[in-house]
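Here is a short tour for anyone meeting this structure for the first time. Have a look at the sequence and the model, then read on.

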Amino acid sequence: MAFEHIDEQLQARRGASLFRERRCIEAAEPRRINVDGHWYLNFSSNDYLGLAQSDALKQAAADAAATQGVGSGASPLVSGHSRSHKELEDYLCEALGRDRVLLFNSGFSANQALIQTLVPKDANVIADRLCHASMLDGALASGARLKRYTHNDMEHLSRLLSQSEGDCLVMTEGVFSMDGDQAPIKDILRLCQRHQALAFVDDAHGFGVLGAQGLGSAELHGADQASLPLLMATFGKAIGTSGAFAATTEMFYDYLVNFARHYIYSTAMSPLMAAITLRSLRLVREESWRREKLQQNIQLFKTLSAEHGLSLMPSDTAIQPLLVGEADRALTCAEDLRQAGFFLVAIRPPTVPDGQSRLRVTLSAAHQGEDIKQLVQAIARKAQDGA
Ligand SMILES: Cc1ncc(COP(=O)(O)O)c(C=O)c1O
């Protein structure tokens, strides 16, 4: 039979408890979701500030739909780049102190476009071992030599930089999506400067959450455009909408607009989404109470977990993974917690390394203290039962 590998690989995934299936969310509230008619407290969302289902953004959507319409109708270089895209880009340029911002339909395409377009074949891409799949795919598509350093290991990065000749792009996440820890941005930028390498940070999980104004890892670490010329973040997480942006220099921006195939040959982000995103960014920047509430929730989760003897991975962010080990055990734990009313997804290989399946708890400003108490008690009961 043709394409036999497809059936073989599906069977292999089923056999190893690694098969993926979607669940249809029937309804969503800021802290709860309804799946198959049952309501669960949601601890598996990246909507860290509770904005995705907020009245403020629902109203912004209704207002924007009435004035902007819904679809962009064309790619940005044809007739899809509208006033609301420009306003969002201009706002981000000012907020982040960058020359130019370019919008993408997703963080996945932004990462691929940036790396694949800017990095030539004869260059080096040096990536943290835990970088997101979209960054690695971008590096592979560029044809450059891809080297990976041990997670957050600056000695290893320094060694790889010393051994690399020619142009080098160093890439990291600001907050690591599956572990929740943060990159030592200042050290990375210092090494890049010393070796004249180009630094690229994917701040999907830091943007909106870190920094006094929620402008992410760059704000927190004082990384300006000169030291960090390539910054990417998504809108689909703390900002509560969807899409992504790249913030960069005039020259890189011009190059991307002229050569980035993901940008040129794709229908522009909906102008409606651009308008709602701008509204959300203003809220995020001007109202710090959501970030403060999130920090309180993170602290509460960590304190209660310690009291119940649960061992967490070293993370101070909204991503608080509990290492379980084997994939089938992680699936059982997630199912048991669902039975108890908590929606918590088991993260398994190949998203994480073999033997490191985990329950990835994500906290939100929308959670109440009682939600977190109940979750920790339920996890502690499972741990005591030896599940
Ligand atoms: C670190 C990181 N980068 C990029 C992406 C992709 O962003 P998007 O969901 O907007 O495609 C994700 C997750 O979705 C992510 O976790």
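## Cysteines

Let's begin with disulfides, counted as pairs of cysteine sulfur atoms within 2.5 Å: the tally here is 0.

## About the model

This is a predicted model, in which local features need pLDDT of at least 70 and side-chain atom pairs count only at pLDDT 80 or more, while totals for chains, interfaces and linings use all residues. Residues are numbered from 1 along each chain as its sequence is written, and side-chain values use heavy atoms, with hydrogens and water left out.

## Salt bridges

A salt bridge is a side-chain nitrogen of Lys or Arg within 4 Å of a carboxyl oxygen of Asp or Glu, and by that rule there are 12. One of them joins Glu287 to Arg290, with the closest N and O atoms 3.1 Å apart. Glu287 is partly exposed, at 30% relative accessible area, whereas Arg290 is buried at 9%.

Another one links Arg338 and Glu335, whose closest N and O atoms are also 3.1 Å apart. These two are 3 residues apart in helix H14 (residues 327-339), so about one helical turn separates them. An α-helix has 3.6 residues a turn, so residues three or four places apart point the same way. Arg338 is buried, at 11%, and Glu335 is partly exposed, at 29%. Together with Arg23, Glu335 and Arg338 belong to a network of salt bridges.

Asp336 and Lys382 also meet in a salt bridge, at 3.5 Å from N to O. Asp336 is in helix H14 and Lys382 in helix H15 (residues 369-384), so this contact ties together parts that lie 46 residues apart in sequence. Asp336 itself is partly exposed, with a relative accessibility of 25%.

## Helix H4

Helices are DSSP runs of H or I with at least four residues, strands are runs of E with at least two, and both are numbered from the N terminus. H4 (residues 83-96) has 14 residues and spans 20 Å from first C-alpha to last, close to the expected 20 Å; that expectation is 1.5 Å times one less than the number of residues. Its buried residues include His85, Leu88, Tyr91, Leu92 and Cys93.

Four strands make an open sheet with mixed pairing, in the order E1-E2-E3-E12. Its edges are E1 (25-28) and E12 (342-343), each pairing on one side only. Two strands pair if DSSP finds at least two bridges between them; E2 (residues 32-35) and E3 (residues 38-42) run antiparallel over 4 bridges. Arg32 stands opposite Leu41 in E3.

## A surface patch

Which residues form a nonpolar patch on the surface? They are Phe3, Ile6 and Leu10, with about 310 Å² of accessible area together. Leu10 belongs to helix H1 (residues 4-15) and is partly exposed, at 35% relative accessibility.

Patches take residues with over 30% relative accessible area and no salt bridge, joining like charges within 9 Å and nonpolar side chains (Val, Leu, Ile, Met, Phe, Trp, Tyr) within 5 Å. The areas come from the Shrake-Rupley method with a 1.4 Å probe, and for residues only the protein chains shown count as cover.

Definitions and conventions:
Buried < 20%, exposed > 50% of the residue type's maximum accessible area, 1.4 Å probe, protein only.
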